[in-house]
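Come along and check each entry against the picture.

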Amino acid sequence: MAEVKLKDIGERIGVSTVTVSNALSGKKGVSAELREHIETVAAEMGYDLTRYQRRAPGARIGVISTDKRYLEIGNSFYWTMYQQVVAAAAARQSVTMLEPIEEDRQQTEETPRILREKAVDGIIIIGWLFEPYIRHLVKKAGVPVVLLDFRIRGSGCDTVMSCNYTGMYKMTRYLIERGHRKIAFVGSTLATENIMDRYFGYRKALIEAGIPLRKGWVLEDRDLLTGDMQFTLPDEMPTAFACNCDLAASYVFAALEKKGLRVPEDVSVVGYDDYLLDLDVAARLTTYHVDMKRMAEMAVDRLMGKIYGEETHYGTRYIDGPIVERSSVRRLQ
């Protein structure tokens, strides 16, 4: 494949090579919206963006997440996301400091230690914390804040997220294109906005295919109060389960196996995340790949830009990913 050049990017978008160069190198004279569009198209075309990474001096980046249950090493989406943030920061000559914030500290609006001691130049918040606490942090932080994998409307923070709606739409379309019309959604839609968005991606795919929604096939996957995962198979079985995350898919696998059903011979299953590295299910599960590396790089870039006064508010940036095909889906006749 021929190397992608600035001229190719400019022709795709309809701007000059100089404009592309200025946008990627962070020079003035390019609007935030156009810069964002150029970066997205360049990444999609496979252009090596590392040559245009800003050469600003390093920074001290604080990372705040929810309590330790969600940061379990080796078995946590957020821990994997944090590792990607560490790598992205190191590539920019920066260091990170992680501080988990337990629920009781959030409820009392306790200021994180890394902020009290003025130990960081900016903060990345990974994953959902109580909304009032996040608003409190943004107001009291005194340093730039970027949200990663969730958003708070009206917070004034830049946000980097996975394409939740589009991603689950892709996965449901994947099942439909393989002959499935009896498709259940697994995910507690009131738990997080991410799950809600994935649910509506599932709904869109059903509506486009003329498949009516069956409320009995919108299945809870966790306790809304404790967050503990739990799953029960429906009385009437679908031919496929579209799971809001890979962890939920692993519970579906276990429930099916307990009932004597095989994947994919009897029932097909798809997930979302592509991160269950230590579970046997991971080698079999067809899923949507969340590009955590790109998300972390974007979050660090946005934060570094704010720390050094190079960028204004960009809003929410959605990072798309591919479907990873494995062996958990059977094509129906």
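**Entry 1: strand β8.** I began with strand β8, residues 240-243, in this predicted model. I asked myself: which way do its residues point, and are they buried or exposed? A240 and A242 point one way, while F241 and C243 point the other way. All four of these are buried.

**Entry 2: the neighbours of β8.** Next I looked up what pairs with β8. Strand β6, residues 183-186, runs parallel to β8 and is joined to it by 4 bridges. Here I found V186 standing opposite C243 of β8. I then turned to strand β9, residues 268-273, which also runs parallel to β8, with 3 bridges between them. In this pair, A240 stands opposite S268 of β9.

How does the chain get from β8 to β9? I traced the path and saw that the chain goes through helix α10, residues 246-258. This β-α-β crossover is right-handed.

**Entry 3: the sheet around β8.** I zoomed out to see where these strands belong. They sit in an open sheet of 6 strands, and I wrote down the order as β7-β6-β8-β9-β10-β12. The pairing in this sheet is mixed. Its edge strands are β7 (218-219) and β12 (323-324), and each of them pairs on one side only.

**Entry 4: a helix across the sheet.** Which strands does helix α8 lie across? I found that helix α8, residues 164-176, lies across β6, β8, β9, β10 (286-289) and β12. Compared with β9, helix α8 runs at about 160°.

**Entry 5: another sheet.** I also noted an open sheet of 6 strands with the order β2-β1-β3-β4-β5-β11. The edge strands are β2 (95-100) and β11 (316-319), each pairing on one side only. From one strand to the next, the twist averages 20°.

**Entry 6: one pair up close.** Last, I picked β1 and β3 from that sheet. Strand β1 covers residues 60-65 and strand β3 covers residues 122-126, and they pair in the parallel sense over 5 bridges.

How values were computed:
Residues are numbered from 1 along each chain as its sequence is written. This is a predicted model: local features need pLDDT of at least 70, side-chain atom pairs count only at pLDDT 80 or more; totals for chains, interfaces and linings use all residues. Side-chain values use heavy atoms; hydrogens and water are left out. Two strands pair if DSSP finds at least two bridges between them. Helices (H or I, at least four residues) and strands (E, at least two) are DSSP runs, numbered from the N terminus. Axes are lines fitted to C-alpha atoms, for helices over the stretch in contact, and angles run from 0 to 180 degrees between N-to-C directions. Buried means under 20% relative accessible area, exposed over 50%, partly exposed in between (1.4 Å probe, protein chains only). A crossover is right-handed if, with the strands pointing away from the viewer, the path from the first strand over the helix to the second runs clockwise. Contact means heavy atoms within 4.5 Å.
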